[in-house]
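Please open the model in your viewer and keep the selection panel at hand. The stops below follow one another as a short tour.

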Amino acid sequence: MEITKLAMGVLVLFLSAISARSEYYSKTVPRVQLKEKVTNLHFFLFDILSGKKPSAVEVAHANITIGEQSATPFGSVYAVDDPLREGPDPESKVIGNARGLYVSASQGADLCLAMYIDYGFTTGPFNGSSISVFSRNPVTEQRREVAVVGGRGKFKMARGFAKLKTHYLNVSNGDAIIEYNVTVFHY
């Protein structure tokens, strides 16, 4: 019994000595001034809610929805894995994907999404890089703008904007093809 108490005492002493030697570490280094670049991107996003293999699926919805019924009623949350293509043709080359979430955020007749989406590029000079958009998207407006708030890979510390234009919209099922013209400031 006394050996157990002694062993416990030594263990407590040993553990407190270990935690006493632990400390927070940080190092501040001088800032290196990097040259800022501007990149313009142009692509088409295919957001497909219908069919056997949709690229956007509803993952949550409100118990009660107020307002007109639509393909994306107020309070609905969608997970997306939309292809990014070079052109508006469904057979055009896939250059990446848009993955993230959007929420139907309007109770009125206007369809407005609040979206967080990461646009990853899988080919070309930006292969492995992505830009992040976190913005309001008023879908019923033919031309609109969303904010680029970050990036990775060749788009580190990205900021900028994307001008969106609806190329095709099926209001009954929510399928859409959106043209993106993106201006990205990055290092």
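**Along the strands**

Begin by selecting strand 6 (residues 130-138), which is mostly covered, with seven of its nine residues buried; buried means under 20% relative accessible area, exposed over 50% and partly exposed in between, with a 1.4 Å probe and protein chains only. Strands here are DSSP runs of E with at least two residues, numbered from the N terminus. The model is predicted, so that local features need pLDDT of at least 70 and side-chain atom pairs count only at pLDDT 80 or more, while totals for chains, interfaces and linings use all residues. Residues are numbered from 1 along each chain as its sequence is written, and side-chain values use heavy atoms, leaving out hydrogens and water.

Then select strand 7 (residues 143-152), which is antiparallel to strand 6 over four bridges and is joined to strand 6 by a hairpin through four residues. Here Ser 130 stands opposite Arg 152 of strand 7.

**Rings**

Return to Tyr 119 and show Phe 43, Phe 121, Phe 126, Phe 155 and Tyr 180 as well, since ring pairs link these residues into a cluster; rings of Phe, Tyr and Trp (its six-membered ring) pair if their centres lie within 6.5 Å. The count by this rule comes to seven aromatic pairs.

Notes: Rings of Phe, Tyr and Trp (its six-membered ring) pair if their centres lie within 6.5 Å; planes under 30 degrees apart count as stacked, over 60 as edge-to-face and the rest as tilted. Two strands pair if DSSP finds at least two bridges between them.
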